[in-house]
Amino acid sequence: MDLEDLRRVFRWFREQVDLVARHHDGHLIRFVGDGAFLSFGLPEASEDATESAVRAGLALVSAISTGEALPGISLALRVGIASGTVVFGDLIDEAVVKEQSVVGSVPHLAARLAATAPQNGVVIADSTRRAVGRFFECRDLGRLDLKGFDGGERAWLAVAETQIASTFEARRGSGSSHELVGREAPLALLADAWNRARERHGGAVVISGNAGIGKSRLARTVRRRAQRDSATLVEIDCTPRTQNTPLYPVSVLMRRLAGIRPQDTDAERLRRASELLQRKQLDDALIPNALRYLSPIFGLAAVDEDASEESAERVRERTITLLVDLLASMAGDAPLFMLCEDVHWADASTLLVIQRLCERLVDLPALLVATLRGTVAIELPNSNSVALGALDDETAAAMIRSLTRADALPAPMIERIIARAEGVPLYLEELCQGEFDAATRTERASAGANRDHAVPPIIQASIEARLDRWSDIKSIIQAASVIGRDFALPLLSELVPERRRELPDAIARLVDAGLLVQNFDVRSGPMRFSHALIHDAVYQTLLRTERQRLHAHVAQLLVQHFDGLPESAPDVVAQHLAAALRFEEAIGCLITAGVQASERAAYLESASHSRSALALLDKLTDPRVRTQYELQLRVQLGVAIAATQGYASPEVEATYRAARELCRDDTDPAITFPVVRGLATFYFVRNEQNIADEMSSLCVETADRSARPEFMIEALTVRGYTDMYRGQLEVAQQALEQCASLYRLHQGERFRYPSVQDAGTAALSILGMVCWLRGDGAGADRSVALAIEHVERLGRPFDKAYANCFIAQQLNVQRRHAEAMQHAAVSVELGTRHGFGTWLVCGLMQQSIAAAALGPSPEAVSGLRQAMGAYLAAGAQAAVPFFLWGLALGLRQIGDAAGAQAALAEGLRSVRSTGEVYLEAELLILAAELESSDARAELLLAEARRVAVQQGAATLALRAVLTLLRRRGLSSDDPHRDLAAWHVLEARAPCPIDQGWASTALLGASRCLDAIESTTTALAR
């Protein structure tokens, strides 16, 4: 061939190599004669480097064999591919790199494999074959005798890329597909559930059992059946490290469904997220609005700043609703099979998504299968349960036979394995694998690592033995265990950069060994230890100092390079910092996590973060710093547990008391106020009104010294509630109206208050009751309307439940029981949906009082008694006189006068012992109505009148006077006015607009009554 033509041929060859290399993210190291060296994953790490290398090899063979370097001249090619550890040259000096590019056995093995390859063939090393799994069709070439490699090397001929897209299917380990034995009954139940789901009778099945008992294998057996039925397959995995990170597992799922990769730009993430919503039949015009709420789920910056102005509860509620809609939409033409692994580690928000999805499944072709530890009780709507226990010895032996050849292990060894495994399938599998590995080793070194008693010794021993035999990759899996049971390859690559080149081969070996599984797209790099116990056992093989160093490095990497991803949530970072003994930084992260959780109305998670941080305080050496953190954490915890356990929870008192003890006389009022406010609420709800009164006054004083308007607004609500319950209605109204005025003046909705509910909500919710008691019916109605308008504008479920419950109480006192039931129903629904125990129970009591008052209802009375029991069990005592008054109303309706009188007597004792007196007159009036003795009845009514007048409760004084006149068969000088007033009091007529109607009617009726009594007294003389 002419030299110029030869030059053209080489140029064409090099152009083809360069084109293919760039297309598959390869790096051209150098050309050597008529050959070329390419690297994948070097110099920059890539999770799919091995796949890319094989794809590039096949593509290069196709390009060279089908193209022509010159007219009439075709070339042939031989390709060899190996994976493993290499030493890469200095990247700064290009020339040096080309001379000293790669050092190690891998390039030599690749060259030897290329030399043995057939024409236009791609031969890959065994390590490469394990790494690519079943993504490629390969033909076993056996063990080749290669120069420089003693004993030869096993090799494979890569034929073509397969159609497999699932990484799980492509990369499953050799031990993950053995026969399922001993689970015939639960498998039949699951199969039946799946068959019913295919007929649009959807539901859920919860598989429970201890760790390693076979929950996942059973679930995946049914999953394979669903796959054969052309089902849509969806999976989420919950982890212990993220159980307080709201919606972490769902976020991972949605990013996977959208095809979002860690390296994607914001624009690419937005496009992929939008395309996913389009595929789920969401109208194009609605996608931007949906992304306002789902942007954090997809790892996007806020799409619309307006969303940030909405309340945390509204955003959380809308986000959860959209996620449920998205998942439900997947049950379309094809049935949906959704697997939720380790639900016992689900955060409260993810669990809510799962529960609401289960509610939607009844009429959908869908089955949700959830696995959870047997010690955890989680209820899913429309679900059946399957509890797995240990296998008996006969079944365990059958499982071993499915794992091995009949003669692979001697009978005594099998018996020993069965005895040690105690019927746990994971233990059986691990012990069998350990025996197989032991057959190939000559000597075992002692592990010498610390042991954690939480890890069963047999698993710990098995894992330690296997790690000792894999010294070349031991540090890699140990580093992975520091990240957590779930870890991402990009993070592991950054954590062990010196082992980055080895990762593909090491991971493949660990997957083949059954220690790791790859759940999702390999290009995203999510990995998981095949069992929590395996992870724990590996983690325990690390020395303490090395553990601390790695945890510190992980925390640094998460903050610096992975910020914004679910795995970099503040609570996750805090766990690593704490393990690294960097306690102050860990506490700071947990405080941030608690604030973020509260802003999302995830109060359970917020409380957990605060408790975790408090547990670390003893690790701080500076007492001043420790006190500052503890004060902040106690307040944060108090708010969270008040929202979930109730205001009167003993833990609320203990939390705020501990915080107050930390406050000194010179403590900043801005720090002191939340503590005093928390204690004021506690004592108020516990109905220790004298102490609550002191705390209320201290709240106002502290708020004044702080010069912060939001604290004064909050303090005035506390003052108003305490004054009302103590029967000081006029000053209560003044405090509440001043609070509402300041709230409007300072746009109070923009503040964050040191309590769960908004201060404006608190003031408006109780102002109506004060207005009614003082005789201003129109003002009471106006306050109700303002309260409803206010909470609707805020959009916070907690505030809605709060306001509707207090409004229901006011309406019950007004005898507007049908309306009360409607508002109470709102409180009950929201309390049930969001876990607001206080408003669920109080709403149920208001419902029961209304139902019992509307007509004889033993069921309502029984329901009220049960709800009161739950209320009292939570430590609450406030409003007990009112609830006992309501119980007496119901008992009277069903003809139990003695029971009603006993309830009223108990209510009056509560009035005297607690100082909650604002409804004392109502109790006395009802007691008089039940009294058979006219003399005793008149004494009770006279006392009711006196108490009501003293408190300024015009409506109650009017009721007492009119009841006394009616009992005597008398009326005042204006019977029409008396009747009209009575109809208003009994809710048979609307309340007059005139603010003084009750006082006017009271004055007229009182003059008549006083005149009659004066005459009676004179006659008696």
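Me: Helices are DSSP runs of H or I with at least four residues, strands are DSSP runs of E with at least two, and both are numbered from the N terminus. On that basis, where is Ala 707 found?

Reply: This is a predicted model. In it, Ala 707 lies in the loop between α29 (689–706) and α30 (709–725). The phi of Ala 707 is near 60°, a positive value in a residue other than glycine. Ala 707 is exposed, with a relative accessible area of 64%.

Me: Which loop holds Ala 987, and what is its phi?

Reply: Ala 987 belongs to the loop between α43 and α44. Its phi is positive, about 60°, although Ala 987 is not a glycine. With a relative accessible area of 32%, Ala 987 is partly exposed.

Me: How should I read the confidence of the model? What is the mean pLDDT of the protein chain?

Reply: The general idea comes first: where pLDDT is low, the predicted coordinates should not be read in detail. In this structure the mean pLDDT of the protein chain is 84, and 88% of its residues reach 70 or more. Over residues 440–454, however, the pLDDT is below 50; this stretch has 22 contacts in the model beyond near neighbours in sequence. Residues 520–524 also stay under 50, and for them the model has 19 contacts beyond four places in sequence.

Me: Let us turn to charged pairs. How many salt bridges does the structure hold?

Reply: Side chains of opposite charge can pair when their charged atoms come close. The structure holds 46 salt bridges. One of them joins the side chains of Glu 317 and Arg 356, at 2.8 Å from N to O. This pair links distant parts of the chain, with Glu 317 in helix α12 (residues 312–329) and Arg 356 in helix α13 (residues 348–360), 39 residues apart. Is the arginine buried or exposed? Arg 356 is buried, at a relative accessible area of 7%.

Me: Which helix holds Arg 833, which is also paired with Glu 317?

Reply: The side chains of Glu 317 and Arg 833 meet in a salt bridge of 3.9 Å, N to O. Here too distant parts of the chain are linked: Glu 317 is in helix α12 and Arg 833 in helix α35 (residues 817–834), 516 residues apart. Arg 833 counts as partly exposed, at 32% relative accessibility.

Me: What is the N to O distance in the salt bridge of Arg 959 and Glu 986?

Reply: The distance is 2.6 Å. Arg 959 lies in helix α42 (residues 954–968), while Glu 986 is in the loop between α43 (975–985) and α44 (997–1020), 27 residues away in the chain. Arg 959 is buried, with a relative accessible area of 3%. Elsewhere, salt bridges that share partners join Asp 237, Asp 342, Arg 485, Asp 486 and Arg 528 into one network.

Me: How does one read the sides of a helix? Which residues of α7 are buried?

Reply: An α-helix has 3.6 residues a turn, so residues three or four places apart point the same way. Helix α7 (residues 184–198) has 15 residues and reaches 21 Å from its first C-alpha to its last, close to the 21 Å expected at 1.5 Å a residue. Its buried residues are Pro 186, Leu 187, Leu 190, Ala 191, Ala 193, Trp 194 and Ala 197. They lie on the same side of α7, because they cover an arc of only 160° around the axis. Glu 184 and Ala 185, on the other side of α7, are exposed.

Me: What do the buried residues of α7 pack against?

Reply: They pack against β9 (203–209), α8 (215–228), β11 (336–341), β12 (366–373) and β13 (383–387). Arg 200, which follows α7, has a positive phi near 65°.

Me: How should I read a single residue within a helix? Is Ser 765 buried or exposed?

Reply: Buried means under 20% relative accessible area. Ser 765 has 2%, so it is buried. Its place is in helix α32 (residues 759–773). A polar atom of the Ser 765 side chain lies 2.5 Å from the backbone oxygen of Thr 761. Beyond its neighbours within four places in sequence, Ser 765 is in contact with Tyr 721, Ala 787, Tyr 802, Ala 803 and Phe 806.

Me: Where is Trp 12 found, and which residues is it in contact with?

Reply: Trp 12 is found in helix α1 (residues 3–23) and counts as buried, at 13% relative accessibility. Leaving aside neighbours within four places in sequence, its contacts are Ala 63, Ile 64, Gly 67, Glu 68, Ala 69 and Leu 75. Trp 12 and Leu 70 are 58 residues apart in sequence and 8.7 Å apart in space, C-alpha to C-alpha.

Terms used:
Residues are numbered from 1 along each chain as its sequence is written. This is a predicted model: local features need pLDDT of at least 70, side-chain atom pairs count only at pLDDT 80 or more; totals for chains, interfaces and linings use all residues. Side-chain values use heavy atoms; hydrogens and water are left out. A salt bridge is a side-chain nitrogen of Lys or Arg within 4 Å of a carboxyl oxygen of Asp or Glu. Buried means under 20% relative accessible area, exposed over 50%, partly exposed in between (1.4 Å probe, protein chains only). The expected span of a helix is 1.5 Å times one less than its number of residues. The arc is that of the directions from the helix axis to the C-beta atoms. Contact means heavy atoms within 4.5 Å. A polar contact is a pair of N or O atoms within 3.5 Å; within protein, one must be able to donate a hydrogen and the other to accept it, and residues adjacent in sequence count only if both atoms are side-chain atoms. pLDDT is the predictor's confidence in each residue, from 0 to 100.
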